[in-house]
Structures are given as structure tokens and as C-alpha cells.
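Thank you for letting me take a few minutes of the meeting. Please have a look at the model first, and then I will go through some parts of it.

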Amino acid sequence: VTTQPPKLAKWLLNHFGCSRNNDAVIGDLDERFQQGHSPAWYGKQVLVTIVVSIVSIFDIRTVKFLDVRAVIAGWVVFTACFHSLFPVFGRCTVLTAIAGLVSGLTVTAHSRQLQWLSLLFYTATMSVYWISLGLISNPYAPSVQLYKWIGFRLTRNAHVSVETLVGNLVVLILFAWLGGSVCLGSDAKTESLEHES
Amino acid sequence: MTKREQLGSFELMVILVLIRLGENAYGVPICDELEKRTGRDLAVGSVYAALERLEDKGFVTSELGEPTPERGGRAKKYFHVTARGLKEVRETQRSLVKLWQGLPELQGGKA
């Protein structure tokens with residue numbers, strides 16, 4: 001007889017459950033599983049819990065858990081990093097990777113709760129910005145002057161191919177999450193350490 | 001007129017179970033009692049979503065309990081109904097009773 005809950009389901013809930021009581025939910029599910037529920041029951045509970053917790057994020061009362069301060073800090077660090085290193089590296093993937101890594105780390109380090117949500121929001125806003133810049137940086141677009149005004153230093157060589165744009169965006173997001181993963185889950189670790197002590 | 005936080009129907013069920021359970025109200029007995037009383041299978045996540053809403057409205061408070069081995073070392077979270085929550089339940093009950101009165105379709109248990 002299996003006494004351990006399904007590992008994959010538990011891992012999913014651990015990483016994607018965004019209820020502020022996620023730890024208690026996992027504990028309750030484990031306890032009920034020990035009472036004789038099946039692995040299928042556990043899997044179904046995990047799926048419903050993840051969906052419900054994600055939906056509840058969009059509830060106006062829980063929007064406060066989206067750490068806007070952390071996202072702004074990520075943007076400030078990204079802009080500072082990109083512009084200060086641009087003269088050294090020029091327009092290259094290394095620059096995007098460094099800026100992504102440092103800004104991602106900043107977002108999760110500044111986020112007090114739901115770090116992955118802050119990181120997701122940060123990379124989403126960054127993607128919109130990046131794509132918008134790329135679209136309006138088309139040399140044939142009449143809005144190129146506006147782009148130069150908005151993007152200032154980023155725009156000095158505005159002739160960017162779609163491949164470069166998308167490639168750099170992928171690198172930026174990957175490195176932002178890589179940087180962010182350093183701090184991801186640190187809340188849970190702190191909490192479990194507190195329990196242990 | 002100030003806006004009053006109100007109880008949804010599922011929230012009302014949850015808060016009634018909390019009153020019934022008293023000091024031992026944490027996730028597992030809350031779900032067991034709700035399933036027993038309503039005859040429905042419930043997701044623990046949905047119950048917690050309702051508990052969180054109740055907490056945000058100030059009708060419920062929570063405190064961390066002791067971690068146990070069968071919970072993988074995780075602590076229980078106990079929920080208690082506040083005075084404000086009790087008052088709201090009484091007001092909801094009064095409103096529902098008033099709405100119920102004089103409806104012959106709902107008398108006698110026939111659909």
C-alpha cells in the first residue's frame with residue numbers, strides 16, 4: 001500500500017500553488033491522503049487547488065500580494081545595468097543575459113511573497129516592452145522618432161532583425177528566471193527552518 | 001450608507017462548520033465536516049480559498065499549530081470565528097429566515 005503522496009503532484013503544488021496557505025494545504029492533503037485516499041484523488045485535489053489559487057490571484061482583494069515594488073526594482077536594475085554595460089559590450093546577447101540575470105535576481109530578492117508571480121509579471125512586462133520596441137524600431141515605421149525618444153540609448157542602432165529581437169528576448173527571460181531561481185522558494189525554506197527550530 | 005462585507009453561500013457553510021468545530025478547526029476536520037454535512041466531495045483548495053476570503057473580510061482569524069509527521073512536518077493552521085463573523089452569521093440568518101417565510105413552494109420538502 002502506497003503511503004507517500006504522488007511526488008509529481010506534490011512537486012507541482014509546492015511550486016505552482018500560490019495560496020498564502022499553500023503550506024497548510026499541502027499538510028492537509030498529506031494528512032487526508034494518509035487516511036486512505038487514492039493517488040488519483042490526491043492528483044485531482046492538487047489540480048483544483050492550483051487552479052483555484054491562480055484564479056484567486058485575480059480577485060481584487062488578493063491583488064495586493066502582487067509585489068509591484070519588486071517589479072519596479074527589477075526594471076530599475078535592468079535599465080541601469082543595460083545602459084551602464086552598453087558601452088562595454090555593445091548590442092550583444094551577453095549584455096541581455098547579464099541584465100536579465102541581475103534584474104531577475106533583484107525581483108525575487110525584493111519580493112516578500114509569491115516571488116514567482118512577481119517574476120512572471122516582470123518578465124511579461126519586459127516582453128511587452130521589448131516587442132514594442134522592436135516593432136516600432138522598424139526603420140520604415142513612421143513612429144521611429146517616437147521610439148528613439150522613448151528608448152533613447154537602446155535605439156541608437158534601431159535596425160534590429162526579428163531573429164535578433166526574439167533571440168535576445170528569449171535569452172533575457174531565461175536569464176531573468178535563472179537569476180530569480182536563486183531566491184525562489186526562500187520563504188518556504190525560512191518557514192521550515194523556523195518550524196525546525 | 002457604508003458598504004457591508006457579506007457572506008457568500010459557501011462562505012456561510014464554512015463559517016458554520018468553524019463554529020461547530022470550535023477549537024479544533026483546521027483544514028482536515030473542516031473538509032470532513034463539510035463533506036459529511038453537504039454530501040459533496042470538496043477540494044481542500046476551494047475550502048482554503050473561502051477561508052482566505054473570510055479572513056480578508058475580518059470574519060475569521062487564523063493561527064499556526066504544531067507540525068505533525070503525517071503532514072510531512074507541516075504545521076496545522078487553525079481558524080477561529082471573530083465576534084464580527086458571529087454577528088454577520090446572525091444577520092445572515094435573520095435575513096434568510098425573513099426571505100424563507102411565506103413561500104409555500106419551499107414548505108414540505110417537495111420540489
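How many residues does α2(A) have, and how far does α2(A) reach from its first C-alpha to its last? Before I answer, please keep in mind that this is a predicted model, in which local features need pLDDT of at least 70 and side-chain atom pairs count only at pLDDT 80 or more, while totals for chains, interfaces and linings use all residues. Residues are numbered from 1 along each chain as its sequence is written, chains are lettered from A and ligands numbered from 1 in the order in which they are written, and side-chain values use heavy atoms, with hydrogens and water left out.

Now to the helix, where helices are DSSP runs of H or I with at least four residues, strands are E runs of at least two, and both are numbered from the N terminus. α2(A) has 13 residues and reaches 18 Å, close to the 18 Å expected at 1.5 Å a residue, the expected span being 1.5 Å times one less than the number of residues. Eleven of these 13 residues are buried, so α2(A) is largely enclosed by the rest of the structure; buried means under 20% relative accessible area, exposed over 50%, and partly exposed in between, with a 1.4 Å probe and protein chains only. Among the buried residues are Asn22(A), Asp28(A), Leu29(A) and Arg32(A). After the helix comes Gly36(A), with a positive phi near 120 degrees.

Leu29(A) also brings us to the largest nonpolar core, which has 33 residues, and Leu29(A) is one of those with the most contacts inside it, as are Ile15(B) and Ile30(B). Such a core is a set of buried Ala, Val, Leu, Ile, Met, Phe, Trp, Tyr and Cys residues joined through side-chain atoms within 4.5 Å. The elements that give two or more residues to this core include α2 of chain A and α2 of chain B.

Finally, the aromatic rings: which kind of pair do Trp75(A) and Tyr122(A) form? Their centres are 6.4 Å apart and their planes at 80 degrees, so the pair is edge-to-face; rings of Phe, Tyr and Trp (its six-membered ring) pair if their centres lie within 6.5 Å, and planes under 30 degrees apart count as stacked, over 60 as edge-to-face and the rest as tilted. Trp75(A) lies in helix α4 of chain A and Tyr122(A) in helix α6, so the pair ties together parts that are 47 residues apart in sequence. Tyr122(A) is buried at 1% relative accessibility, whereas Trp75(A) is partly exposed at 21%.
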